Amino acid sequence: MSILLLEGIDGSGKSTVAEKLHWLAQNDCKSVLMLRDPGSTTFGERIRETVADPDIPLSPMAQTLAFMA
């Protein structure tokens, strides 16, 4: 089993690279599980949407606690 972690600032191309790697691995008959944090669950996606929404002002502490949830 291999684990690959992609990190970078917003807009740096992480999702693009992840999608390409996913495609390459599947074409090589590998089983791939893609996850993102927060995300990968309904609750995680809601946290992601809330933190990213400019109309919902969150303090840095509130953002940190939301990510930790």
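The model is predicted. The chain has three helices and zero strands. Its largest pocket holds about 1400 Å³ of space.

**Overall build**

- Read from the N terminus, the elements run α-α-α.
- The C-alpha atoms fill a box of roughly 45 × 20 × 15 Å, taken along the principal axes.
- The radius of gyration of the chain is 15 Å. A compact globule of 69 residues would have a value near 11 Å.
- The accessible surface of the chain comes to about 6100 Å². Carbon and sulfur atoms own 59% of that surface.

**The largest pocket**

- Rolling a probe the size of a water molecule over the atoms shows where empty space is left.
- The largest pocket has a volume of about 1400 Å³. It is lined by 34 residues.
- Which residues are the closest to the centre of the largest pocket? They are L4, L6, A18, L35 and R36.
- Helix α1 spans residues 14-27, and helix α2 spans residues 42-52. Each of these two helices supplies at least two residues of the lining.
- The largest share of the lining comes from α1, with seven residues.
- By class, the lining has 18 nonpolar, eight polar and eight charged residues.

**H22, in helix α1**

- H22 lies in helix α1.
- Is H22 buried, exposed or partly exposed? Its relative accessibility is 21%, so H22 counts as partly exposed. The cut-off for buried is under 20%.
- H22 touches V32 and M34, leaving aside residues up to four places away in sequence.
- H22 and V32 are ten residues apart in sequence. Their C-alpha atoms are 6.7 Å apart in space.

**I47 and T50, in helix α2**

- I47 has its place in helix α2. T50 is found in helix α2 too.
- I47 is buried, because its relative accessible area is 10%, and buried means under 20%.
- T50 has a relative accessible area of 33%, so T50 is partly exposed. Partly exposed covers values between the buried limit of 20% and the exposed limit of 50%.
- What does I47 touch, not counting residues up to four places away in sequence? I47 touches P38, A66, F67 and A69.
- With the neighbours up to four places away again left out, T50 touches I56 and L58.
- I47 and K20 are 27 residues apart along the chain, and their C-alpha atoms are separated by 26 Å.
- T50 and N27 are 23 residues apart along the chain. Their C-alpha atoms are separated by 35 Å.

**S2, before helix α1**

- S2 sits in the segment before α1.
- S2 is exposed, because its relative accessible area is 73%, and exposed means over 50%.
- S2 and E19 are 17 residues apart in sequence. From C-alpha to C-alpha, S2 and E19 are 17 Å apart in space.

Conventions: Residues are numbered from 1 along each chain as its sequence is written. This is a predicted model: local features need pLDDT of at least 70, side-chain atom pairs count only at pLDDT 80 or more; totals for chains, interfaces and linings use all residues. Side-chain values use heavy atoms; hydrogens and water are left out. On a 1 Å grid over the protein atoms alone, a cavity is a set of points where a 1.4 Å probe fits but cannot get out, and a pocket is an open set with protein on both sides within 12 Å along at least five of seven lines; lining residues have an atom within 4 Å of a point. Grid points are joined across faces, edges and corners, and a volume is the space filled by probe spheres set on the points. Helices (H or I, at least four residues) and strands (E, at least two) are DSSP runs, numbered from the N terminus. Ala, Val, Leu, Ile, Met, Phe, Trp, Tyr, Cys and Pro count as nonpolar, Asp, Glu, Lys and Arg as charged, and the others, Gly among them, as polar. The radius of gyration is taken over C-alpha atoms; the globule rule is 2.2 Å times the number of residues to the power 0.38. Accessible areas come from the Shrake-Rupley method with a 1.4 Å probe; for residues, only the protein chains shown count as cover. Buried means under 20% relative accessible area, exposed over 50%, partly exposed in between (1.4 Å probe, protein chains only). Contact means heavy atoms within 4.5 Å.
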